Structure formats: structure tokens, C-alpha cells
Amino acid sequence: MNIKVLGGGCKSCEALLAATKEAVEKKGIDAEVEYITDMEKIMGYGIMSMPALMIDERVVSAGKVLKAREVEKLL
């Protein structure tokens with residue numbers, strides 16, 4: 001499983017990254033979690049609201065800071 005957290009490096013983006021890592025650990029999933037801050041790459045995915053969460057190249061959340069339990073439901 002490939003998980004990407006997209007954001008500009010702000011507090012909200014960092015919070016989503018932490019929640020995502022916590023959710024992956026709690027679920028015991030073998031996943032690669034990437035943190036992408038390159039705006040060109042982010043725009044290439046068509047993301048306009050950050051932070052955003054992608055799972056296996058599919059945008060599952062944008063513009064919201066999810067809690068770990070919310071990320072777990074998406075996994």
C-alpha cells in the first residue's frame with residue numbers, strides 16, 4: 001500500500017502526517033507513507049485544498065486534518 005500526505009509543510013499538514021503514521025501503525029498495515037511538499041507534484045495530482053491524503057494514487061481526503069481513527073477507516 002502506498003500512502004501520500006500532500007501539503008506545504010504547515011502545522012495542519014504535519015498533523016495529518018502524524019495521524020496517518022499512527023493509523024498505519026495501529027492497523028499493522030505494511031504501507032509506505034510519503035510526505036510530499038513539492039507544489040508542482042501536488043498540482044500534478046489535481047489537489048487544490050491541502051492537506052490531502054492519497055491511498056494507492058486515489059485522493060481520499062482534501063482540505064481536512066483527519067484524526068488517526070478517521071484515517072484508519074479509510075485504510
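Predicted model: local features only at pLDDT ≥ 70, side-chain atom pairs only at ≥ 80, totals over all residues.
Let me open with alanine 23: setting aside neighbours within four places in sequence, this residue is in contact with Ala68, Val71, Glu72 and Leu75.

Where does alanine 23 lie? Its place is in helix α1, which covers residues 11-27. Its relative accessibility is 0%, and therefore alanine 23 counts as buried, the threshold for that term being under 20%. A further pair deserves mention. Alanine 23 and lysine 67 are separated by 44 residues in sequence, yet their C-alpha atoms are 8.7 Å apart in space.

I turn now to asparagine 2. This residue belongs to strand β1, residues 2-6. Is asparagine 2 buried or exposed? With a relative accessible area of 16%, asparagine 2 is buried, because the limit for a buried residue is under 20%.

Which side chains make polar contacts with that of asparagine 2? One partner is lysine 4, whose side chain is joined to that of asparagine 2 by a polar contact of 3.0 Å. Another is glutamate 34, where the side-chain to side-chain polar contact is 2.9 Å. If residues up to four places away in sequence are not counted, asparagine 2 touches Glu32, Glu34, Met54, Ile55, Asp56 and Glu57.

Let me now widen the view to the whole protein chain. Its secondary structure consists of 3 helices and 4 strands, and along the sequence these follow the pattern β-α-β-α-β-β-α.

As to overall dimensions, the C-alpha atoms fill a box of roughly 30 × 20 × 15 Å along the principal axes. The radius of gyration of the protein chain is 11 Å, and this agrees with a compact globule, because such a globule of 75 residues would have a value near 11 Å.

How much of the protein chain is buried? Buried residues account for 33% of its 75 residues. Of the contacts between residues at least 6 apart in sequence, 65% join residues at least 24 apart.

Note on methods: Residues numbered from 1 in each chain as written. Heavy atoms only, no water. Helix = DSSP H or I, 4+ residues; strand = E, 2+ residues; numbered from the N terminus. Buried < 20%, exposed > 50% of the residue type's maximum accessible area, 1.4 Å probe, protein only. Contact = heavy atoms within 4.5 Å. Polar contact = N/O pair within 3.5 Å; in protein donor to acceptor, adjacent residues only side chain to side chain. Rg over C-alpha atoms; globule rule 2.2 N^0.38 Å.
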